[in-house]
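Please read them with the coordinates open.

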Amino acid sequence: MDAKVFEFFTALLERVSGISYTTGKEYLIESRLNELALTLGYKDLSDLYQAITKKGADLKLLNEIIDALTTNETYFFRDYHPFETLKTHILPELFKKRERERKITIWSAGCSTGQEPYSIAMLLLEHFSLYLQKYRVYILGTDISAKCLEKAKKGIYNQIEINRGLPINFLVRYFKQDGAHWCINDNVKKLVKFERVNLLEASKKIFEKFDLILCRYVLIYFSDEVKKKVLTELWKMLNPGGYLLLGATEIPALSFSDMEKKIIGKTVCYRKKD
Ligand SMILES: C[S@@+](CC[C@H](N)C(=O)[O-])C[C@H]1O[C@@H](n2cnc3c(N)ncnc32)[C@H](O)[C@@H]1O
């Protein structure tokens with residue numbers, strides 16, 4: 001791929017989403033955008049590039065480019081141990097802490113096709129059903145990719161997606177089979193609300209604060225500068241006593257005076273001091 005085409009698309013993507021593709025990833029950009037160009041009826045990627053540089057990209061095209069260039073890898077109960085820690089430590093602590101308000105707010109920031117927020121919803125139904133009767137529990141799943149959110153809202157997964165991480169008893173209890181697909185039950189779905197939110201401008205879109213924020217395997221795609229900016233925003237949106245969970249190998253780009261690192265079992269999490 002021509003260097004100027006690579007630079008054009010990577011600069012565009014970084015400006016709108018914060019995602020930073022370093023040199024060496026040309027093959028990835030090329031194959032993803034070539035496919036998009038053909039789907040949209042262009043001859044090839046350079047044809048798409050010519051059209052955009054001549055006429056600009058409208059919002060729809062921009063969103064298609066974002067959809068094509070985001071990495072949406074996810075699966076149910078990803079890494080497993082954070083969900084075990086949620087079950088044994090974090091959620092019991094939060095329910096106790098919120099005894100008076102009887103409200104818990106959870107945000108899966110960069111939720112891709114919904115497996116992460118639905119895993120939390122199933123965990124709550126499975127182990128905290130009594131609390132669900134007494135508390136208002138609100139799980140928000142957000143992503144920049146409209147295509148991912150469309151799938152997340154439907155809550156329909158194929159066999160390969162189901163085979164990745166979902167314990168069999170959860171499949172039996174929380175899904176209905178429909179031909180080759182599995183549909184998540186309404187009682188799981190109704191705990192989760194999905195919204196399109198770009199993390200670069202999250203505080204302009206989301207006005208509530210959260211007791212638990214999961215932002216796993218999202219910041220790794222950003223430059224250091226964007227990581228710091230987004231982390232600062234996320235931290236502001238966390239309630240005192242709340243927890244932030246990053247991906248297993250991720251280290252926060254910044255630390256704050258009220259940030260307490262906790263290691264619970266295999267899970268590293270960040271608690272906001274009261
Ligand atoms: C690798 S997936 C991780 C999904 C899930 N958190 C997990 O750990 O399984 C990263 C997600 O972050 C989203 N993302 C990337 N940049 C974003 C941004 N600026 N705002 C919101 N979401 C973004 C991508 O669309 C993608 O779905």
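**Notes on the predicted model**

1. Gly41 follows H2 and has a positive phi, near 90°.

2. Helix H2 covers residues 26-39, 14 residues in total. From its first C-alpha to its last it reaches 20 Å, close to the 20 Å expected at 1.5 Å a residue.

3. Which residues of H2 are buried? They are Ile29, Leu33, Leu36 and Ala37. These residues lie on the same side of H2, because the arc they cover around the axis is only 100°. In an α-helix there are 3.6 residues a turn, so residues three or four places apart point the same way.

4. The exposed residues Tyr27, Glu35, Leu38 and Thr39 sit on the face of H2 turned away from its buried side. Against what do the buried residues of H2 pack? Their partners are helix H1 (3-17), helix H3 (45-55) and helix H4 (59-69).

5. Helix H8 (residues 146-154) can be read in a similar manner. Its buried residues include Cys148, Leu149 and Ala152. Here the arc around the axis is only 95°, which means that they are on the same side of H8. The packing partners of the buried residues of H8 are helix H6 (115-127), strand E2 (136-143), strand E3 (156-158) and E6.

6. The cut-off applied to a pair of cysteine sulfur atoms is 2.5 Å. For Cys148 the closest cysteine sulfur is in Cys111, 7.8 Å away, and so too far for a bond. Cys183 is in no disulfide either, its nearest cysteine sulfur being that of Cys111 at 18 Å. As for accessibility, Cys148 is buried, with a relative accessible area of 5%, and Cys183 is buried at 19%. The value for Cys183 should be read with the limit in mind, since buried means under 20% relative accessible area.

7. The sheet is open and has 7 strands in the order E6-E2-E1-E7-E8-E10-E9, with mixed pairing. Its edge strands are strand E6 (192-196) and strand E9 (259-264), each of which pairs on one side only. From one strand to the next, the twist averages 20°.

8. In which sense do strand E1 (residues 103-109) and strand E7 (residues 210-215) pair, parallel or antiparallel? The pairing is parallel, over 3 bridges. Ser108 stands opposite Leu214 in E7. Helix H13 (residues 224-236) packs on the sheet. The strands that H13 touches are E1, E7, strand E8 (238-246), E9 and strand E10 (267-272). The direction of H13 makes about 140° with that of E8.

9. A last point concerns His89, which is found in helix H5 (residues 81-97). Is His89 buried, exposed or partly exposed? His89 counts as partly exposed, because its relative accessibility is 41%, and the band for that class lies between 20% and 50%. The C-alpha atom of His89 is separated by 9.8 Å from that of Gly265, although the two residues are 176 residues apart along the chain.

Note on methods
Residues are numbered from 1 along each chain as its sequence is written. This is a predicted model: local features need pLDDT of at least 70, side-chain atom pairs count only at pLDDT 80 or more; totals for chains, interfaces and linings use all residues. Side-chain values use heavy atoms; hydrogens and water are left out. Buried means under 20% relative accessible area, exposed over 50%, partly exposed in between (1.4 Å probe, protein chains only). Helices (H or I, at least four residues) and strands (E, at least two) are DSSP runs, numbered from the N terminus. The expected span of a helix is 1.5 Å times one less than its number of residues. The arc is that of the directions from the helix axis to the C-beta atoms. Contact means heavy atoms within 4.5 Å. Two strands pair if DSSP finds at least two bridges between them. Axes are lines fitted to C-alpha atoms, for helices over the stretch in contact, and angles run from 0 to 180 degrees between N-to-C directions.
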